[in-house]
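Please read them with the coordinates open.

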Amino acid sequence: MSSTDISINQDVHHPHEEHDHHHDQNFFEKYIFSQDHKVIGKQFLITGIAWAFIGGFLSILFRLQLGWPEATFTFLEPILGGWIVNGKLNPEFYLALVTMHGTIMVFFVLTAGLSGTFANFLIPLQIGARDMASGFMNMLSYWIFFLSSIVLFVSLFLESGPAAGGWTVYPPLSALPQAIEGSKGGMTMWLISMALFIVSQLLGGVNYITTVINLRTKGMSMTKLPLTVWAFFLTAILGLLAFPVLFSAALLLIFDRSFGTSFYLSDIFIGGAALSNTGGSPILFQHLFWFLGHPEVYIVIMPAFGIVSEVITTNARKPIFGYRAMIGSLIGISVLSFVVWAHHMFVSGMNPFLGSVFMFLTLIIAVPSAVKVFNWIATLWRGNIRFTAAMMFAIGFVSLFISGGLTGIILGNSALDIYLHDTYFVVAHFHLVMGAAAFFGMFAGVYHWFPKMFGRLMDEKLGYVHFWLTFVSVYLVFMPMHYLGIAGFPRRYYAWTGFETFNFFTDMNTFISIAAILGFTAQFIFLFNFIYSIFRGRRSTANPWHSNTLEWTTPVLPGHGNWPGPLPTVYRWPYDYSKPGAAEDYIPQTVPFSQTQSSNLPQERDLE
Amino acid sequence: MISFAIGLSVVLLLTILFLLFRIGTLVSIFRGSSQRAVGTTKTSNKINSTLLLLFLLVGGAAFAWSFADSWQEMNQPLASVHGDWTDSLFWTTMIIIGVVFVITQILLFWYSYKYKHQDDKKAYYYPHNNKLEIVWTMIPAVVMALLVFAGWKTWTKITSASPEDAVVIEVMGKQFSWMVRYPGPDGVLGDAKIPLVDATNQMGVDFSDQYALDDFMPREIHVPKGKPVLLKIRAQDVIHSVFMPHFRLKMDAVPGMPTKFWFVPTKTTYEMQNETGNPDFKYELACAEVCGRGHFAMRFIIVVDEPEDYEAWVAEQVPFVEEHPEILTKAETTPAKELVAKNGSGDKAEEVKTAL
């Protein structure tokens with residue numbers, strides 16, 4: 001009897017299964033401790049945006065100092081309190097600002113906010129899965145990240161200030177509380193926050209990899225995956241291999257700080273006393289740190305590669321040029337990213353022979369990067385380009401990636417790095433190539449997938465205004481920084497006026513600061529557009545951009561489980577745009593070749 | 001009152017902007033442009049594509065102008081042999097990447113402009129071209145190979161062992177100043193150990209070592225023009241970095257791990273004063289690795305003399321032990337070994353010496 005009952009129940013409930021789930025969820029299950037990848041993606045996005053504003057605001061504070069070194073900042077006292085001493089920014093707080101800006105932007109915004117958002121949101125939707133392999137781990141990943149960001153946020157309010165030794169936290173500066181105020185409680189909290197963050201990244205990464213390998217829908221072979229999924233997949237692999245090394249570096253630093261070990265400390269006299277630590281090496285930390293740190297910049301930029309490839313091909317109405325070369329270059333970059341770390345250490349005192357090896361390996365990575373740029377440009381060639389806001393940001397991304405990437409060829413050359421290391425040339429280089437460019441990739445992604453996230457479109461015109469103000473101010477901020485760098489201006493300087501060698505270009509620094517304020521202000525247009533459009537934006541159709549990938553075959557607002565009926569089956573690659581002979585200028589991946597006989601290519605005839 | 005007025009006007013401004021935004025939205029609905037696929041309306045396509053082209057032209061011109069305008073200032077005067085090699089390699093590489101920069105940016109913006117959406121057009125289905133892809137993989141590969149080779153040759157020359165006759169100077173970074181030590185007439189730096197550091201003997205020199213007795217510690221660095229100079233670099237507390245911009249020289253100062261860098265100065269301070277037309281010109285040493293509160297203020301002066309002036313200057317210098325005779329008695333009463341043993345870092349200090 002009972003067995004019949006069960007089967008009847010199953011039969012009755014089957015078509016409504018997704019529906020029932022929905023109704024049973026209370027507010028907390030649905031929006032707070034949700035295990036739905038789409039909600040988790042949105043959680044990452046909103047947290048990321050909040051952090052981006054905090055990180056950006058910190059940069060405006062230190063740009064004020066650099067732009068107007070003689071000015072008094074009493075008007076900042078209500079916000080900064082004791083960090084303003086007699087109207088002057090405290091030099092240690094300046095370093096804390098720089099450190100927090102770097103940490104927040106690299107880890108919380110461009111790692112969690114970028115790949116956390118889009119890998120979560122897009123992987124199941126684009127491979128045709130109901131959700132991530134483990135929804136529970138996915139939820140943990142977000143909440144551990146949230147915890148980690150709370151810890152870092154609280155450290156901003158410590159009396160001794162947050163960590164202040166630069167985002168790279170090189171010991172002994174970060175290991176010794178005598179060396180700088182920020183190495184007291186602030187550094188402890190930084191390390192706890194990072195340890196939690198790494199746990200969150202690993203939970204997420206394992207999930208992304210498993211999902212891509214195991215949960216692809218019928219017909220979705222690896223060579224039919226959209227480039228976004230390829231990028232997220234490889235990014236997750238990089239994270240999984242690199243983050244544990246940062247964890248070990250952080251752990252040893254915790255030991256050195258709190259338990260009297262000497263992994264990084266040796267022969268130190270500080271605060272009027274010689275320390276007993278001996279035998280450690282500060283260089284060891286740099287090796288461990290950059291073994292994560294360099295793949296990390298690709299963890300930041302590769303999701304942007306994927307997003308931009310997708311946005312460009314959709315809006316140019318053309319297949320991405322050289323799909324396999326694009327995958328190949330992603331794999332090439334991923335592999336090479338693990339063997340170039342010591343180019344951050346050419347003048348650290350490392351053996352010069354190692355320097356030449358790493359110079360060789362570093363410059364090789366320019367080849368796959370160049371291939372990607374050429375392929376994007378070739379995709380635009382003879383396209384029929386729709387300038388959506390997302391497309392504007394994608395084009396801006398390519399421009400910024402070229403401008404910032406090329407100077408990498410100079411910095412990767414150890415002989416040239418002697419002079420340019422730790423100058424503003426480096427600052428200009430990485431802000432263009434992995435800072436602003438990754439932000440542009442993120443904006444492109446938000447404008448492009450907003451309709452799938454919230455069922456409404458963002459306002460395009462405000463998007464254009466946002467794009468142009470941002471694009472122009474990014475160039476106005478970072479192009480002049482190259483000149484400062486060529487003139488040798490060192491990084492993380494509170495003021496350059498103490499040196500005759502650097503006592504010029506003051507107007508240029510003021511100019512950069514004004515441009516930075518303009519760029520930061522422009523982000524409020526985005527914030528308004530984002531929040532307004534969630535509630536009042538134009539209602540979207542299921543496939544507003546006429547795109548081929550699977551997420552656009554779901555309803556306007558996909559529910560739990562993504563597709564109301566059975567999962568879609570995939571027949572073709574995602575880039576059949578403007579195929580000759582086809583009725584429309586796009587053919588979604590779910591359309592079998594038998595329905596498109598007029599447009600099939602000779603080799604596709606067999607698949608009909 | 002004023003802040004209230006400012007606040008009110010900001011609110012009014014935001015309201016006006018919001019109303020404009022609403023009107024714009026309503027107009028687009030009225031015109032029916034909201035019925036078309038996004039990005040295919042004529043006006044926004046025209047505006048955006050024109051702005052892209054304009055950005056290329058105006059931005060390019062502004063970049064060229066600002067570059068030319070800053071040229072004099074951004075090129076720091078040069079005063080070392082290897083700096084000449086790296087400067088020319090730098091500008092050679094800059095020309096190569098400049099060409100790539102100009103070509104790719106022009107193509108990017110021009111294609112974006114030229115191939116903007118037109119209702120009656122269809123994009124060209126062009127998924128790949130293996131020949132083209134091989135070509136544009138090989139070209140960067142070859143260029144990179146050449147650059148690696150040039151860089152490697154220069155780097156090897158710069159980091160090669162210093163000549164035997166190099167003038168040896170020890171540079172030590174500490175929060176937040178530099179200290180230097182010359183070996184004196186015997187040409188050998190005396191031993192130094194961190195546990196020996198105190199208020200007088202700030203470099204921790206072991207004065208029970210015979211070689212240390214003639215070491216002198218001046219307040220500025222003097223080096224002879226045209227002679228190789230070897231800097232032996234160390235740090236006392238955290239990592240610092242010796243940065244001499246005019247000599248295109250940088251090397252980290254790491255506690256527990258001595259480093260070195262050698263160079264040949266090519267112009268005396270006097271010659272540089274004439275060349276730059278600045279009678280107060282001084283070569284400076286700065287810190288390039290974040291080291292704490294005073295990171296931005298670790299200034300030290302370097303003077304390049306004619307070799308004879310340099311010899312005269314060296315002859316004038318008084319050894320540290322003569323300036324501070326009391327330090328010698330201290331060194332005798334508390335032998336270094338005992339002190340070192342007490343602090344437990346003797347072995348490492350020995351290593352430091354041999355490495356130096």
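**Notes on the predicted model**

1. A compact globule of 608 residues would have a radius of gyration near 25 Å, and chain A agrees because its own value is 25 Å. Along the principal axes, the C-alpha trace of chain A spans about 80 × 65 × 50 Å.

2. Secondary structure next. Chain A holds 18 helices and six strands.

3. Now chain B, and its annotation. An unreviewed UniProt entry lists residues 67-162 of chain B as "domain: Cytochrome oxidase subunit II transmembrane region profile". In the model this span is 75% helix and 0% strand.

4. Five strands make it up, in the order 3-9-8-5-6; it is open, with mixed pairing. Strand 3 (221-224) and strand 6 (249-253) of chain B are the edges; each has a single partner strand, so one side of each lacks a neighbour in the sheet. On average, neighbouring strands are turned by 25 degrees against each other, direction ignored.

5. Strand 3 of chain B runs parallel to strand 9 (residues 300-305) of chain B, and four bridges join the two. Which residue stands opposite B:Ile221 in strand 9 of chain B? It is B:Ile302. Helix 6 (residues 307-316) of chain B lies across both strand 3 and strand 9 of chain B. The angle between helix 6 and strand 3 of chain B is about 140 degrees.

6. Last, the interface. Here 101 residues of chain B are in contact with 111 residues of chain A. Several elements of chain B each supply at least two residues to the side that touches chain A, among them helix 1 (2-31), helix 2 (42-74) and helix 3 (81-114). Sheet strands contribute too, including strand 5 (240-244), strand 6 and strand 8 (283-287) of chain B. Helix 4 of chain B gives the largest share, 15 residues.

7. One point on composition. The side of chain B that touches chain A has 49 nonpolar, 37 polar and 15 charged residues.

How values were computed:
Residues numbered from 1 in each chain as written. Chains lettered and ligands numbered in written order. Predicted model: local features only at pLDDT ≥ 70, side-chain atom pairs only at ≥ 80, totals over all residues. UniProt positions renumbered as here; feature names shortened; annotations may be inferred. Rg over C-alpha atoms; globule rule 2.2 N^0.38 Å. Pairing = 2+ DSSP bridges. Axes fitted to C-alpha atoms, helices over the stretch in contact; angles between N-to-C directions. Contact = placed C-beta atoms within 7 Å. Nonpolar A, V, L, I, M, F, W, Y, C, P; charged D, E, K, R; others polar.
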